[in-house]
Amino acid sequence: MEGGGIHSTEGGDSTAFKECLSLSWKNPFVLRLAFSAGIGGLLFGYDTGVISGALLYIRDDFNSVDRKTVLQESIVSMAVAGAIIGSAIGGWLNDKHGRRTAILVADFLFFIGAVLMASAPNPSVLISGRVFVGIGVGMASMTSPLYISEASPAKIRGALVSTNGFLTTAGQFLSYLINLAFTKAPGTWRWMLGVAGLPALLQFILVLLLPESPRWLYIKGREEEAEAVLRKIYPPQEVEEEIQSMKESTEKDSLEKDSSEKITFLKLLQTKATRRGLIAGVGLQIFQQFVGINTVMYYSPTIVQLAGFASNQTALLLSLVTAGLNAFGSIVSIYFIDRTGRKKLLVISLCGVAVSLGVLSAVFHETASHAPAVSATETSRFAPYTCPDYSSVGPSPDVWDCTKCLKASSPGCGFCSSSTKNKLLPGACLISNNTVKEGCHGEDREWYIRGCPSSFGWGALIGLALFILFFSPGMGTVPWIVNSEIYPLRLRGVCGGIAATANWISNLIVAQSFLSLTEAIGTSSTFLIFGVISVVALFFVLVCVPETKGLPFEEVENMLEGRALQFKFWKR
């Protein structure tokens, strides 16, 4: 096992998942540790998913949010900004005070943020709560996989760290269920956001009952405590091998410390293994975000509405399907990660993601090209509320369609569909407000303000489903696994913090720009950009990411020291 007891072989690879189940049955402590720490992933996933549904109702409660795209993006992205701070602090906190302490601090901050969001009287307090939640999520996102990794046998390390990914996707799925459950409750979005405090409280209690990471204990000179934890994880005959392995790793790190305790970014880059590890780890985290995953998770209901499904409840229900597929993909990852390997999963994942984004781009292009026309006759039925931009140019059905109507901005306008059952027939272009919305619904019509009626809507859902199915098993979980095992022991916290910070900065850029991009260049072109980035990511993986399947931490470091560029992803 870890430290040289077990090495990867073909026969071993085929039974890795079975060994994971067998070990969990024989030693439930390991599984309890993995799931308790993995609740950090649940927090991450819940927050990602819940805001996408809550935002639909926050817009209804706060008119300023409904009118300003920037404010909507801020509510989403301020949690990401907090996560950047949390992951940066988390790297230092992990190395200074331990993995367990970092998780407890993260839970406390997340709980405070959930309370602030649920009780927010205005958008400013809501955004403040999002920042607190983000700091907690940022800390947990890099600490949970690190903690699980350091307390897992090498043979099944990937599968156990994947439980963190599974709980992330389970959190997203749970958030959509809760969103649906509270759609009719008073204070809809307050319940959605407030419930987030419960898993944080649960993890705080569970982690109090867990020990610190044995590797952190050992490098801090607490050898007896480290040995006691190892005896709970490994069979007696393998504990000495683990201790010897940690001793050798710690001695090597001590030599590299030489004259200074202070770790600088420049010093990290001067060490070949660390530099190569950071290139692979940070690169994977950046590409994970720039292929567009969190546009799907943060804005999934909005994307569904852009595809032509007007109802909030319908958008949430259809988004639940994508969240379920995401959870399914993470289960696939648990099965294949120690059997197929990290790099193969990444390559397969990115090939599928590129194709899926191409499908989405084509579908949204066709949706925009075949939008229903604006009818002067239909619009005249709501004469006092005609969109001013439409009135100023005169009724021109050949020029004005639903897409152009929704782009009107002085003031914002919406499209009231045809009174017939066929929503693709010409409709009315009207001022967007609650009075007009209710009047449109009163005539048994659909009211559209984010997307137009379309016969291609189901194509967008198929594209989203394919995107999630390909993304989740590979790019969804592997970057976190690789970052938990690719760095030298003494630097694992700070390097993991750097990579997580890069992830959250990339997340912030994507989250803050997605809606603005769709308004500026269109949804089709936005997804096309993500598709091009996924092709670039594929070449990056082929060139820069090593295979770490089944390797003890020390062998990973040795491999990076002497590794040349390798295009053959089927070989280590």
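The structure holds four disulfides. The model is a predicted one. Counting bonded cysteines along the chain, the pairing pattern is 1-4, 2-8, 3-6, 5-7.

Cys387 and Cys413 form one of these bonds, with their sulfur atoms 2.1 Å apart. The torsion about this S-S bond is about 80 degrees, so the disulfide is right-handed. The pair links distant parts of the chain, 26 residues apart. Cys387 lies in the loop between helix 20 and helix 21, and Cys413 in strand 1. Cys387 is buried, at 0% relative accessibility. Cys413 is also buried, at 4%.

A disulfide also joins Cys402 to Cys452, with an S to S distance of 2.1 Å. This link is left-handed, with -95 degrees about the S-S bond. Cys402 sits in helix 22, whereas Cys452 lies in the loop between strand 3 and helix 24, 50 residues apart. Cys402 has a relative accessible area of 0% and is buried. Cys452 counts as buried at 6%.

Cys416 is joined to Cys440, S to S 2.2 Å. The torsion here is 100 degrees, and the link is right-handed. Strand 1 contributes Cys416 and helix 23 contributes Cys440, 24 residues apart. Cys416 is buried, at 0%. Cys440 is buried, also at 0%.

Two further cysteines were examined for accessibility. Cys351 is partly exposed, at 37%. Cys544 is partly exposed, at 24%.

Helix 26 comprises 30 residues, 492-521. At 1.5 Å a residue it should span 44 Å; its end C-alpha atoms are 41 Å apart, which agrees. Helix 26 bends by about 45 degrees at Phe514. Gly522 follows helix 26, with a positive phi near 100 degrees.

Key
Residues numbered from 1 in each chain as written. Predicted model: local features only at pLDDT ≥ 70, side-chain atom pairs only at ≥ 80, totals over all residues. Heavy atoms only, no water. Helix = DSSP H or I, 4+ residues; strand = E, 2+ residues; numbered from the N terminus. Expected span 1.5 Å × (residues − 1). Bend = angle between axes of the 7 residues up to and from the residue. Disulfide = S-S within 2.5 Å. Buried < 20%, exposed > 50% of the residue type's maximum accessible area, 1.4 Å probe, protein only.
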